[in-house]
Amino acid sequence: MPAAKIDHPSIAILGVLTICAYGSWYYSFGVLLEPIQADTGWRESTLATSFSAGTILIGAFALFGGRLLDRAGHRPVFLIGGGIGTAALLLAASANSISTFFVGSALGLAAFGSLGFYHVTMTTAVRLNPDEPARAIAVLTIWGAFASAIFLPSAEWLQSEFGWRAAVRVLAGVAGVAFLIAALVLPSTAPVESTDRPSVLAVLASTVSAPAPRLFTIAVGFGGMAMSTMLVFQVPIMTAAGLGSATAASMAGLRGFFQLGGRLPLTPLVNWLGRDRALMVAFAAMTIGGALLAVAGNVPVSVAFAVVAGFGIGAFSPLQGMKGEQLFPRDRLGATMGVYGAVLLLVGSPGPILGGIILERTGDARWITFIVVAAAAIALTATALLSQLDDTRCHREPQHA
């Protein structure tokens, strides 16, 4: 019997949306951090805190974004996310005070993230491809891997040629168009039919009420801390280690491109190792990548960082979706993935704040890599315990012919 086909045009639209949702501010902020500080004199720690505030808001709104996705479908989700996100970043681009910038930056990141990150686009891809959910997620995240490769060097070029304010306006406009196209062009999906609609608190409780979801929650949270800290400070860390800013931005973009290395071979990797062990490999690569980042002061080491960290982050995102789809019922997948989007960003948000404080206190961004390495190592440990738990459960269950 031939394998079911996936809807590639719809996944392509979701893929472009994912690229823009992540690339426009979540990834580009790290490139623009130093130019904004140099132009305005605003403190780096305050700017970094605006990013962390945005990730906290993503976490809070992701819970309700997932519920809205379950109840109303993706069209209103994308229209609201694109409208608010674009308006907020345009406000940030015009700001003459740090308070105005802080509000625009945080709200822009919150809207694009809570209503356009993977917890939304993966769930939409699964619902548009119900017979091939794992393949749909894998193909979508291959598209998403281009976000850093496209937006990091583009943001650096835009700010160097036209200034950071014009760069932010262009980034906001591109993302807004992507949200609008996805809302208007994607096939509509009916609201999820379910006789059991748990409350947000009940969905939250389900992620910590049993050992397996609890360990997965820890792994996702600390993986998010490692990832968000790396994304915000990878360019400043490489420049502190000795690279020029343009080269560092290019290496950060290369890291994004090498996320494909964690996604193209993902299906055979999961078939070989299983989802838990594949996730362990991803977190191990993020740990090693954090260590390499600390000494990425020349092109060979920075390329090694790009390859290893790119693989780890690239594999982490789809494996998170695949494991979530395995652990939880599909009729509440939007809400559940919203919870995990919240966990990833809420636990991850202190990382950039601590990084900004470390940078101000020491004057050397390389010390920030300790946060990346420690957080990724905790995620690796939690996933190893999860793998052992799953192995024990499988051995205890009776085998059927």
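Residues are numbered from 1 along each chain as its sequence is written, and side-chain values use heavy atoms, without hydrogens or water. Because the model is predicted, local features need pLDDT of at least 70 and side-chain atom pairs count only at pLDDT 80 or more, while totals for chains, interfaces and linings use all residues.

Helix α1 (residues 8-40) packs with helix α2 (residues 44-72) at an angle of about 165 degrees, their axes lying 10 Å apart; helices here are DSSP runs of H or I with at least four residues, and axes are lines fitted to C-alpha atoms over the stretch in contact, with angles from 0 to 180 degrees between N-to-C directions. That makes α1 roughly antiparallel to α2, a term for angles over 145 degrees. Where the two helices meet, with contact meaning heavy atoms within 4.5 Å, α1 contributes residues including Trp25, Tyr26 and Phe29, and α2 residues including Leu47 and Phe51.

Rings of Phe, Tyr and Trp (its six-membered ring) pair if their centres lie within 6.5 Å, and planes under 30 degrees apart count as stacked, over 60 as edge-to-face and the rest as tilted; by this rule there are 19 aromatic pairs. The rings of Tyr22 and Tyr118 have centres 5.1 Å apart and planes at 45 degrees, so this pair is tilted. Tyr22 belongs to helix α1 and Tyr118 to helix α5 (residues 118-128), 96 residues apart. Tyr22 is buried (under 20% relative accessible area), at 10%, and Tyr118 is buried at 7%.

Note on methods:
Parallel < 35°, antiparallel > 145°, perpendicular 65-115°, else oblique. Buried < 20%, exposed > 50% of the residue type's maximum accessible area, 1.4 Å probe, protein only.
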